Amino acid sequence: DVLIKYFLKYKHILNDWGHILLDHLNGDELKRNESFGMIFEEINREIKCDINTCAQYKRYFQNREMQTDSHKSELQFYVDLMDTIHCHLLHSYDVGFMIKIDANDSISTDHEIKTEENERTEEAFAI
């Protein structure tokens with residue numbers, strides 16, 4: 001109920017998210033990466049989120065059942081929207097949707113999802 005009440009007052013979330021996507025994260029790859037990097041760094045100053053323990057990331061990829069209750073449906077819409085924004089802005093580097101480019105134009109990554117396969121590969125090659 002709190003989330004729905006908030007979004008009844010703040011009615012521009014979709015327009016604001018669309019603005020970010022179309023005006024700041026659109027265009028050529030270099031400009032998009034640069035803009036995303038600035039947005040990510042600004043958000044990451046305040047919000048630290050580990051993808052391995054992120055409830056929003058897990059919820060984002062869960063199966064969703066059709067809901068008939070319009071109140072639940074509206075609530076689910078806002079939860080899904082916030083999960084989408086969260087995952088896009090905080091985990092795009094983690095999942096490879098965006099790549100960090102350092103000053104020498106080489107590709108780097110600060111985040112890695114640890115899986116059993118990663119750990120076995122590291123052990124096998126003594127990384």
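The legends below describe an overall view and several close-ups of a predicted model.

View 1. The elements run α-α-α-α-α-β-β-α from the N terminus; helices (H or I, at least four residues) and strands (E, at least two) are DSSP runs, numbered from the N terminus. Of the 127 residues, 23% are buried, where buried means under 20% relative accessible area, exposed over 50%, and partly exposed in between (1.4 Å probe, protein chains only). Among contacts (heavy atoms within 4.5 Å) between residues at least 6 apart in sequence, 63% join residues at least 24 apart. Residues are numbered from 1 along each chain as its sequence is written, and side-chain values use heavy atoms, with hydrogens and water left out. In this predicted model, local features need pLDDT of at least 70 and side-chain atom pairs count only at pLDDT 80 or more, while totals for chains, interfaces and linings use all residues.

**View 2. The largest nonpolar core holds 13 residues.** Such a core is a set of buried Ala, Val, Leu, Ile, Met, Phe, Trp, Tyr and Cys residues joined through side-chain atoms within 4.5 Å. I13, W17, F36, L81, I85, L89 and Y93 touch the most other members. Two or more residues come from each of α1 (2-9), α2 (13-24), α3 and α5 (70-95), and α5 gives the most, with 5 residues. Leaving aside neighbours within four places in sequence, I85 is in contact with I13 and W17.

**View 3. F36, F40 and Y93 form one aromatic cluster.** The structure holds 4 aromatic pairs; rings of Phe, Tyr and Trp (its six-membered ring) pair if their centres lie within 6.5 Å, and planes under 30 degrees apart count as stacked, over 60 as edge-to-face and the rest as tilted. The rings of F40 and Y93 have centres 4.8 Å apart and planes at 80 degrees, so this pair is edge-to-face. F40 in helix α3 and Y93 in helix α5 are 53 residues apart, and their pair links distant parts of the chain. Both F40 and Y93 are buried.

**View 4. F77 and Y78 form an edge-to-face pair.** Their ring centres lie 5.2 Å apart, with the planes at 70 degrees. F77 counts as partly exposed because its relative accessibility is 39%, whereas Y78, at 13%, counts as buried.
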